[in-house]
Structures are given as structure tokens and as C-alpha cells.
Amino acid sequence: RHQNISSVVIPHLATRIRGRVDGLASFCDVRPGLSFGYRTASLPQEIAEKVHRVGQLRDEVKACRRERLQEAVNLEKVEVEALDALGRLVHEFKLKGQVKKDALQQAELVAYTQAQVFKVAKLRDELRK
């Protein structure tokens, strides 16, 4: 009876174990033509290469971030210079406009003053009569 059970259970277990090993082998080795043992032996090297590649990609990302930051700083400098130039132009325009406004006010005051002088002169002439 013990031999009967052994003859049934051992092949069944061997089949199940072989299936799991083959499943693991196919999971670890997606390239055809390589044996499981070769794939396992080269796995640390492949992991090291991938870790190195991830490091390179991180360095590239950092470099890109630095470049973008530098571009942003340069753009900000250009914007500040443009705003400064615009401020100077507005100030100059206001000054030029103020000169014109002052000239108009001066002409208006001169005309008003002359009109008042004529009124006073007329009143003086009327009082003298």
C-alpha cells in the first residue's frame, strides 16, 4: 500500500514542481534560447546595468531641470529689463505730456490775466469819467 501511494504521489509532486520551476523560468527568462541557469547567473549584472541606467536617467533629469531653471531665470531677467524700459518710456511720455499740459495752462492763465487787466483798465477808465 505504501508503494502504491508513493508510485502515485511522487510522479504527481514531480509534475507539479516541474511546472512551477518552468513557470519561474519562463517568468525570469523572456528571451528564447537562453537556459534558466544562464539567466540566473547574469541577473546581478543586468540589475547593476539597470541601476546604472536609472542613475544616468536621474542625472539627465537633474540636468534638464537645471537648464529649465536657468532658462526661467534668464527669461525673468529679460522681463524685468523690459518692464524697466517700459517704465522709463511711460515716465518720459508723462513728462512730455506734462510739458504740453503746463504750456496750455500757462497760455490759459496768460489769457485770463490779460482779460482781467483789460477789465480793470476799463473799470478805471469808467471811474475816471
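Trainee: What is the relative accessibility of R88?
Mentor: R88 has 46% relative accessibility and counts as partly exposed. Buried means under 20% relative accessible area, exposed over 50%, and partly exposed in between (1.4 Å probe, protein chains only). This is a predicted model, in which local features need pLDDT of at least 70 and side-chain atom pairs pLDDT 80 or more, while totals for chains, interfaces and linings use all residues. Residues are numbered from 1 along each chain as its sequence is written, and side-chain values use heavy atoms, without hydrogens and water.

Trainee: Which residue meets R88 in a salt bridge?
Mentor: The partner of R88 is D84, with 2.5 Å from N to O. A salt bridge is a side-chain nitrogen of Lys or Arg within 4 Å of a carboxyl oxygen of Asp or Glu. D84 is partly exposed, at 44% relative accessibility.

Trainee: Where do R88 and D84 lie?
Mentor: Both R88 and D84 belong to helix α2, four residues apart, which is about one turn of the helix.

Trainee: How far apart are N and O in the pair of E71 and R68?
Mentor: The side chains of E71 and R68 meet at 3.5 Å, N to O. These two residues also lie in helix α2, three residues apart, about one turn of the helix. E71 is partly exposed, with a relative accessible area of 43%, and R68 is partly exposed at 48%.

Trainee: How many salt bridges does the structure hold?
Mentor: The structure holds four salt bridges. One of them links E60 with R53, whose closest N and O atoms are 4.0 Å apart. E60 is partly exposed, with a relative accessible area of 44%, and R53 is partly exposed at 41%.

Trainee: Changing topic, how many helices and strands are there?
Mentor: The protein has two helices and zero strands. Helices (H or I, at least four residues) and strands (E, at least two) are DSSP runs, numbered from the N terminus. Helix α1 covers residues 2–28, and helix α2 covers residues 36–128.

Trainee: What about patches: which residues make the nonpolar one?
Mentor: I5, V8, V9, L13, I17 and V21 make a nonpolar surface patch of about 510 Å². Patch residues have over 30% relative accessible area and no salt bridge; like charges are joined within 9 Å, nonpolar side chains (Val, Leu, Ile, Met, Phe, Trp, Tyr) within 5 Å. L13 lies in helix α1 and is partly exposed, at 42% relative accessibility.

Trainee: And which residues form the positive patch?
Mentor: The positive surface patch is formed by R58, K62, R65 and R66. R66 is found in helix α2 and is exposed, with a relative accessible area of 55%.

Trainee: Last one: what share of the protein is buried?
Mentor: Buried residues make up 4% of the 129 residues. The protein exposes about 12,100 Å², and carbon and sulfur atoms supply 63% of that area. Accessible areas come from the Shrake-Rupley method with a 1.4 Å probe.

Technical notes: Lys, Arg positive; Asp, Glu negative; His and termini not counted. Charge placed at Lys NZ, Arg CZ, Asp CG, Glu CD.
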